[in-house]
Amino acid sequence: MWCFRFDLRKKLMPYVDGRLDSRMVQKIEQHLLDCNACRLQVKILQTGHRLLTGLPVLTPTRDPWEAIEAAVLADSIKAQEVTLVAGSRRWGVHAPGLALAGVLSLALAVTGVWLIRTGTLHERESESFNQKEILDLKRFQPVSVTNIKDQTEPHIVAEGVVTAMELEEEDGDFTFKLIEDASRPDQFIVCEIIEPIRLKPPKVGSRVKVYGVRRFDDKSNHQWFEVHPVLNIEQVKR
Amino acid sequence: MSAFRSLYEAYRDRTYSLACYVLGDSLQAEDALQSIFLKVHRSLPAFRNESSFATWLYRIAVNECQDRLRKQPEAYVPLEDIIGSGAEFDGQLLPDELHAQSERQRVIQEALLLLSPKLRSVVVLKYLEGLSYEEIAQVLECSAGTVASRLNRALVELEARLRPLKGMI
């Protein structure tokens, strides 16, 4: 059975939802008296409507605020760098009479920008990024590969040897495993370097301290602990 | 930062629920929650009060979920992976009514997750976030008529999936 009153059929959902004016409600109800198909449709919609009313609000098992805060801070640092560069560029030539001064200023500015950028790169080379002052790394709870499961603090620092480095080509994220020593490769923590805190990945085989947010990946084929996102990496010299 | 944190706390659960229902994966939803609020923070200076803050936030959330769905192959995720199996309650006696209610919600949520992401988005924005057709249309950048039509399809599909369980729910 089918109803060809398309104009009225498309009003059935707003009708069930109580969104029609009284004139249209009257029109629909008049139609429902004669139309079995639309009556059935209304009944179906009312059932669905009833079932969905009171859909529960869910709460994340782990509050990701710490990671969001860290990412926002990383953003602010980037913005400051950009402002600094843009500020330097304002020293350009503004009038022909000031050409020489302008050229000199520009040269100084370019040198300044180069120095700033070199400095930033240099800092990244040292495998420690400039958020560490803001992050207060002393607040991070030290954990080991074997006792991470006993910790409850969200901010942790784990020490170990870097293995199994992988690059996800789709989003450019790096993933690596941190192990206690090579004789126990089955005990590891998975570390994820993700946007926007794009740190330089450490060398495979190097010993590092990894700062970040502790989480448990409970997917059936994973079931492991992670540092995700990684907020800072420090090389450990032995 | 404290103002932004207040904003985050006010919308965290609703945004997470939206992501969880649309993505069908709690871990992905947690990741999405981070990205959504980071994008919100980045875009706040561009927010023009042309729509309500909630509508604007949900648009960012829905776009983030859709991007993630595009990147991943379609896969059925058992509801237990999302809301837990209930095993954590073993050994505890729950009142029958409470148990029946949670079972009913579990069945409804499972049926909801079988809808397409497009239909799920409309349903969640309407029944969880309580948005009007016009607000949903703003979030999804479509017409209010399209919203009504998608809701219609969603409810019909949902009823068809749950019909065999009539009596239980």
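Tutor: Axes are lines fitted to C-alpha atoms, for helices over the stretch in contact, and angles run from 0 to 180 degrees between N-to-C directions. This is a predicted model, in which local features need pLDDT of at least 70 and side-chain atom pairs count only at pLDDT 80 or more, while totals for chains, interfaces and linings use all residues. Residues are numbered from 1 along each chain as its sequence is written, and chains are lettered from A and ligands numbered from 1 in the order in which they are written.

Student: How many helices does chain B have?

Tutor: Helices (H or I, at least four residues) and strands (E, at least two) are DSSP runs, numbered from the N terminus. Chain B runs α-α-α-α-α-α-α-α from that end. With 0 strands, its number of helices is 8.

Student: How many of the 11 residues of helix 6 of chain B are buried?

Tutor: A residue is buried if 20 or more other C-beta atoms lie within 10 Å of its own, exposed if 12 or fewer, and partly exposed in between, with C-beta atoms placed from the backbone. Of the 169 residues in chain B, 40% are buried. In helix 6 of chain B, B:L119 and B:Y127 are among the buried residues. Helix 6 (residues 117–127) is mostly covered, and its buried residues number 9.

Student: How are helix 6 and helix 8 of chain B oriented to each other, roughly parallel or roughly perpendicular?

Tutor: Helix 6 and helix 8 of chain B pack with their axes 9 Å apart, at an angle of about 100°. Angles under 35 degrees count as roughly parallel, over 145 as roughly antiparallel, 65 to 115 as roughly perpendicular and the rest as oblique. The two helices of chain B are therefore roughly perpendicular.

Student: Which helix of chain B gives the most to the side that touches chain A?

Tutor: Counting contacts (C-beta atoms, placed from the backbone, within 7 Å), 32 residues of chain B meet 31 residues of chain A. Among the elements giving two or more residues to this side of chain B are helix 1 (2–23) and helix 5 (96–113). The greatest share, 9 residues, comes from helix 8.

Student: Over which residues of chain B is the pLDDT below 50?

Tutor: The pLDDT is the predictor's confidence in each residue, from 0 to 100. Chain B has a mean pLDDT of 81, with 80% of its residues at 70 or more. Where pLDDT is low, the predicted coordinates should not be read in detail. In chain B, the stretch with pLDDT below 50 is residues 76–93.

Key. Contact = placed C-beta atoms within 7 Å.
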